[in-house]
Each structure stands twice: as C-alpha cells, then as structure tokens.
Amino acid sequence: MISRNPCIANIKAGYLFPEIARRRREFAAAHPDTASPEGRIISLGIGNTTEPILPHINAGLVGGAEALGSVETYSGYQDDGLLELREKISAVFYRGRFGADEVFISDGAKCDIGRLQLLFGASTPAAVQDPSYPVYVDGSVLIGAAGGWEGLGYRGVTYLPCTAENGYFPDLTKLPAGCVLYFCSPNNPTGAVASREQLAALVRAAVEKGAIIIFDAAYSEYIRDPALPRSIYEIEGACACAIEVNSFSKPAGFTGVRLGWSVVPKELKYSGGESVNADWIRVCGTIFNGASNIAQAGGLAALDDEGLGEIRKLTDFYLGNAKLIRTALRNLGITCVGGDNSPYIWAKFPGRDSWEVFSEILEKCRVLTTPGSGFGPAGQGFIRFSAFGHRADVEEACRRLAVL
Ligand code: PL4
C-alpha cells in the first residue's frame with residue numbers, strides 16, 4: 001500500500017462550494033417542506049450563472065457543433081486554441097498589445113489557476129488577499145506550496161487582510177519576497193475593485209519584491225465605473241510581473257460551457273532570466289489538450305459587436321439583481337459593500353460566526369448564501385450574497401430576508 005499524499009492530508013476542510021451544496025442537501029432532507037413552493041430553498045450561494053446564453057452567442061456555439069458534422073469543417077484537437085480567438089481576445093481586451101503566442105485559451109479560469117500553480121511549484125510561497133476565492137489557497141496546499149493548518153490559516157500562506165479599515169486593499173509592505181501573489185479584482189467575495197493607483201502600487205511592490213502576480217479578472221466585465229481598471233496590463237510595468245487569467249463564465253454564461261484564457265507576456269521572466277511564457281507552453285502542452293472547439297466558436301461570437309452587446313445585457317441583468325439584494329440588506333440595517341461593479345455583496349454580521357449566520361439565514365429564510373469565513377480568516381463574521389439568480393427568485397429572497 002502507498003501512503004497518502006501529505007499535501008492532501010494537509011487540507012483542513014472540504015472545498016467550500018461542495019460543502020455548501022452538502023449542507024443544502026442535508027437541510028432539505030431534514031425539512032420536507034423545502035419541496036413546496038413556499039419552503040423551497042433559493043440560492044444566493046455559489047456564483048453559478050442561471051440565465052440562458054443569449055441568441056447570438058448561442059448561435060456561435062450551435063455553429064461550432066454543426067461544423068463538427070461535416071468533413072469540410074470538422075476539427076480535432078486544437079491544443080493551442082483557435083488563432084482567431086487568441087487574436088480577438090488581444091484586440092478586444094488588450095488593444096492588440098499581445099501577440100497570439102502570449103494569449104492562451106483555457107477551459108476556464110479555475111483550471112488555469114491550477115495549472116499555473118503547477119508551473120510555480122512547491123518552493124514558491126503563496127500570498128493572497130484575505131478574503132479571496134478559495135482555489136488560490138487550497139490549490140497551493142495541494143501542490144505543497146503551503147504547510148498545514150495553524151490557528152486561522154495555513155502556515156505557508158501569507159494572508160494579506162483586505163477589510164473596510166484598509167479600503168479592501170492589502171498592506172503591501174507585508175508582501176513576501178519571491179512569492180506568487182493571487183490578486184482578484186473585482187474581488188470575490190468582497191466586490192471591491194482596485195483603483196488604478198492601487199494597482200500601480202501593486203505592480204511596483206511586485207517588481208521590488210521579485211514577486212509574480214496572478215491577476216484574476218474573472219469579473220472584469222462587471223465593472224461599470226470607467227475610471228476603474230479592467231486589466232492589470234492597464235498599468236505600466238505589469239507585463240514584467242503579472243499573468244492575467246480571465247473567463248467567459250460570468251460575462252457570457254459559460255459556467256457549464258467552459259472557456260477562458262490566460263495572458264502570459266513574453267516579457268515575464270524568472271529571477272534567473274528564463275521565460276515564464278516558454279515554461280507555460282511546456283506545462284500546457286504536457287497536461288492540457290485545449291478547450292472545446294464548440295466553446296471556442298461560442299467565444300468568437302461573444303467577442304464580435306453583437307456578442308459584446310449581449311455580454312453587456314447579461315452582466316447588466318445580474319448587476320440589477322445585486323442592487324436589489326444590497327438595497328434589501330441595507331433596509332434591514334445590515335452593513336454591506338460590493339454589487340456596483342461586481343456580482344457579489346459582502347454583508348457584515350458583527351461578532352457572529354459566519355457558518356452560524358449561514359445556518360440561520362437558511363433556517364429562517366430558506367435562502368442559501370456563502371459564509372465569509374470560507375474565503376479566509378478575515379471573512380469571519382461576513383456573508384457573501386451572490387447576484388446570480390432568476391429575477392423572481394432574487395425578489396422573493398429579498399422579501400424573505402426581512403425576517404432577519
Ligand atoms: C463554484 C475569482 C464562483 N465550482 O468558471 P471559471 O473556471 O472560468 O472561473 C471560476 C472562478 C475563477 N475566479 C474567480 C471565481 O470567483 C470563479 C468562480 N467562483 C464562486 O461562487 O465563487 C463559483 C464557485 C465553482 C468553483 O469552484 O469555481
């Protein structure tokens with residue numbers, strides 16, 4: 001018998017989102033009235049899109065599937081991703097500044113984050129915004145870049161608190177030298193978006209400390225304030241210290257379709273001068289076989305004028321939900337932030353345990369949320385409300401929250 005991978009043994013709890021789904025199932029099993037229309041559980045928990053893919057983008061997907069049925073248009077492996085899509089991503093999101101060989105098509109941001117962790121390996125320390133998307137920390141633990149659980153977090157991870165007190169932006173003097181820093185803006189879960197000045201300070205700190213930023217821009221299409229940067233590459237110097245991951249999941253409703261991309265600039269080098277881009281090609285070539293060609297056809301449709309119009313419409317819809325949730329919470333006197341430029345609302349329940357509040361909201365309102373402590377120690381006492389839901393469900397959830 002072989003012994004258990006000690007890195008996996010280091011993981012303290014189950015992955016946050018399956019754990020929420022498990023508690024939902026358990027609650028439903030214990031409360032048969034959840035099968036009734038009045039008692040049914042409404043989810044404002046996991047950030048999963050609910051609305052149909054809009055017609056033009058959907059036609060792109062259908063066209064991609066149809067092309068597979070004819071000998072003239074059939075395609076097999078497309079390991080490197082469609083050249084046209086790589087060029088289009090560079091043109092639409094980065095004003096054409098990256099060559100196609102710096103844009104990598106993926107099956108989603110989460111999957112690329114996992115592969116990037118493999119790229120940097122166990123010897124590179126990890127730093128995260130606290131709170132943040134749990135994949136950054138859990139993935140670091142799985143590859144051995146983080147030690148075991150101690151107190152409120154993992155030994156090998158530097159948690160950089162992002163709270164109301166510091167404007168949801170970390171104290172960069174605490175950034176360890178030579179680390180990989182995961183930075184998400186608009187942030188999941190707080191909804192905070194870093195300003196241009198803040199990102200400039202982040203890039204300066206990364207260069208000074210020899211750190212590499214993995215900038216997760218999965219919610220960039222939710223930014224409505226034109227003064228706020230949508231990409232780390234809007235900041236001078238970022239190409240020498242940052243990788244950006246992004247996704248079609250939340251802007252186009254591709255959570256189940258699976259399509260994303262990463263930008264790994266050729267300018268980005270390790271301390272020894274070697275190319276990160278070259279290593280990324282090696283890693284992806286070895287353990288990734290490319291995104292679905294149907295998804296890529298949908299992605300191409302999403303990035304023409306009509307598709308971008310549909311992205312705007314869909315993200316406007318979810319932002320409308322966010323506004324309803326935020327208003328309902330504020331009317332109850334609950335302090336909350338987010339929801340203006342992001343689909344998440346971060347609500348404060350002072351002095352309370354997040355899981356306890358999660359259970360209370362589930363019990364009293366039959367509304368599923370996400371406990372803030374699942375995103376890191378600084379999330380304790382907070383609840384994240386997701387704006388992904390049908391409008392009627394969100395309205396009903398807002399009515400039910402009144403009993404809190
Ligand atoms: C539940 C900051 C959601 N099973 O769909 P992808 O892989 O392109 O993007 C995933 C992703 C990447 N980066 C950030 C994200 O917030 C997400 C999705 N997060 C959430 O509720 O926080 C879905 C979570 C899903 C998961 O584990 O990702």
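1. Leu 314 is buried, at a relative accessible area of 6% (buried means under 20% relative accessible area, exposed over 50%, partly exposed in between, with a 1.4 Å probe and protein chains only). Leu 314 belongs to helix α11, residues 305-331; helices (H or I, at least four residues) and strands (E, at least two) are DSSP runs, numbered from the N terminus. Leaving aside neighbours within four places in sequence, Leu 314 is in contact with Glu 51, Leu 54, Pro 251, Ala 252 and Gly 253, contact being heavy atoms within 4.5 Å.

2. This is a predicted model, in which local features need pLDDT of at least 70 and side-chain atom pairs count only at pLDDT 80 or more, while totals for chains, interfaces and linings use all residues. Residues are numbered from 1 along each chain as its sequence is written, and side-chain values use heavy atoms, with hydrogens and water left out.

3. The domain assignment gives domain 1 (6-51 + 307-403) and domain 2 (56-304); such bounds come from an automatic or database assignment. Their contact takes 38 residues from domain 1 and 48 residues from domain 2. Between them the domains bury about 3500 Å², 62% of it on carbon and sulfur atoms (buried area is the accessible area, 1.4 Å probe, that two parts lose on being put together, summed over both). In domain 1, Tyr 15, Ile 311 and Asn 341 lose the most area to domain 2, together 18% of what that side buries. The C-alpha centres of the two domains lie 24 Å apart.

4. Helix α9 (276-287) has buried residues Val 276, Asn 277, Trp 280, Val 283 and Cys 284. They lie on the same side of α9 because they cover an arc of only 120 degrees around the axis, the arc being that of the directions from the helix axis to the C-beta atoms. Among the elements covering them are β2 (103-106), α5 (109-120), β8 (212-216) and β9 (242-247). The face turned away from the buried side carries the exposed Arg 282, Gly 285 and Thr 286.

5. Thr 370, in strand β14 (370-371), is buried, with a relative accessible area of 0%. A polar atom of its side chain lies 3.3 Å from the backbone oxygen of Gly 45. Not counting residues up to four places away in sequence, Thr 370 touches Leu 16, Phe 17, Ile 20, Gly 45, Ile 46, Phe 375, Ile 383 and Arg 384.

Note on methods
Polar contact = N/O pair within 3.5 Å; in protein donor to acceptor, adjacent residues only side chain to side chain.
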